[in-house]
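Subject: Structure handover

Hello,

Here is the structure I promised to pass on. Please open it next to this email as you read.

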Amino acid sequence: MDAWITAYKIPFGKWMKFVIDFIQTWFGDAIDMSSRSLKFLIEGFSWLLNQPPAVVTIAGFAAFTWWLHRNVVLTIGVVASLLLITNFGYWEATMETLSLVGFATLVSVIIGVPVGIAAAHRPWLYNILRPILDLMQTLPTFVYLIPTLVLFGLGVVPGLISTVIFAIPAPIRLTQLGVATVPTPLKEAGLAFGATRKQLLWKVELPYALPMIMTGINQCIMLSLSMVVIAALVGAGGLGKPVVRALNTVNIPMGFEAGLAIVLLAILLDRVCKRPEKRS
C-alpha cells in the first residue's frame, strides 16, 4: 500500500555525495593544507603539555586554580584528581584530550560569540539560525564523522571539526540570549550619555551579558569533552582511545579507569572554568 511513497525516492544521499565530491575536487588542496596546519597545532600543543614532568604540570594547574578562585578545597581537588589520572597511566592521553578540547572551545568561541552578538541585534538572523542550531544539536554525533572523515581523513582534524560543529550552538545561543536581554533602560542610559553603538556594545551590553556568555563557554567545554569518545573513532586519540579499545576487547578494568579519567577531567574543567566569584 505504501509502495507509491517509496516508488520515487528523493535522492538526498546522492545529492550529498555530489556536494562532497565537488568540495574534494575544487577545494581538496586547500582542505589538505588546512588539515596539516590544524594537525600540527593540536599535536604540537599536546607535545608541549607532555614535555614537563606530570608533577610540574599538576603544580602549574594548581597554582592557576588558586590564582583564579582562591579556593583551597578546589585546588586540592584538582591536584588529587590529576594525580589519580596519572596513577591510572592516562596522563599523556589526558593532555591530548585537553589540547583537543581547548582548540575546539577556542574555535567555537571565536566564531560563536560574534555570531551570537549579531543575532541579538538582528532578530531576522536569529530566526534563520535557530533551526540550523536545532539541527546541529539534535543530529546524531556519528553523522558528523562521515563528511569530516571523507574530507580530512583519519586523525585529529575530523575529530576537531566534528567537535566544533557539535559544541558551537551553546555559545551562539547563550551569547544571543545575554545580549538580547539587556534591559532597555540600561541601553537608553548609555545612549543618553552619548555612547556610540560600539561603546554601547563594549561598555553596556557585553558587561551585562558576561555571566551568560561565560555560561555558554562553560557549556561549550562540556560539549567538546563529551565528543572525546566519538572523536577517537576517527583517530583523534586522547582518553577516548582507551575507551574504544576497552569496548572492542570487553576490557572492564580499562573501560572503568578511562571512563573515570574522563569524568574527573570534566568535573575539573567545569569547576575551574566557571566565572570566579567576586571577592571582597
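Below are the notes on aromatic pairs, a surface patch, salt bridges and two further residues.

This is a predicted model, in which local features need pLDDT of at least 70 and side-chain atom pairs count only at pLDDT 80 or more, while totals for chains, interfaces and linings use all residues. Residues are numbered from 1 along each chain as its sequence is written, and side-chain values use heavy atoms, with hydrogens and water left out.

Aromatic pairs

Rings of Phe, Tyr and Trp (its six-membered ring) pair if their centres lie within 6.5 Å; planes under 30 degrees apart count as stacked, over 60 as edge-to-face and the rest as tilted. The count by this rule is four aromatic pairs. Take Phe 45 and Phe 103: their ring centres are 5.9 Å apart and their planes stand at 80°, so this pair is edge-to-face. It links distant parts of the chain, with Phe 45 in helix α2 (residues 12-50) and Phe 103 in helix α5 (residues 91-121), 58 residues apart. Helices here are DSSP runs (H or I, at least four residues), numbered from the N terminus.

Phe 103 is buried, at 19% relative accessible area. Phe 45 is partly exposed, at 36%. The cut-offs: buried is under 20% relative accessible area, exposed is over 50%, and partly exposed is in between (1.4 Å probe, protein chains only).

Phe 64 and Trp 67 form a tilted pair, because their ring centres are 6.1 Å apart and their planes are at 35°. Both lie in helix α3 (residues 54-69), three residues apart, about one turn of the helix. Phe 64 is partly exposed at 41%. Trp 67 is exposed at 54%.

Cluster and patch

Phe 22, Trp 26 and Phe 27 are linked into a cluster by ring pairs. Phe 27 sits in helix α2 and is partly exposed at 43%.

Salt bridges

There are three salt bridges (a side-chain nitrogen of Lys or Arg within 4 Å of a carboxyl oxygen of Asp or Glu).

- Asp 21 and Lys 17: the closest N and O atoms are 3.0 Å apart. Both residues lie in helix α2, four residues apart. Asp 21 is partly exposed at 30%, and Lys 17 is exposed at 54%.
- Arg 173 and Asp 134: the closest N and O atoms are 2.2 Å apart. Arg 173 lies in helix α9 (residues 169-180) and Asp 134 in helix α6 (residues 123-138), so the pair ties together parts 39 residues apart in sequence.
- Arg 271 and Asp 270: N to O is 2.5 Å. Arg 271 is partly exposed at 41%, whereas Asp 270 is buried at 14%.

Two residues in helix α11

Ser 224 lies in helix α11 (residues 197-226) and is buried at 2%. Which residues does Ser 224 touch, not counting those up to four places away in sequence? They are Val 101, Ala 104, Thr 105, Thr 163 and Ala 167. Contact means heavy atoms within 4.5 Å.

Met 214 is also in helix α11 and is partly exposed at 24%. Met 214 and Thr 175 are 39 residues apart in sequence and 8.7 Å apart in space, C-alpha to C-alpha.

Best wishes
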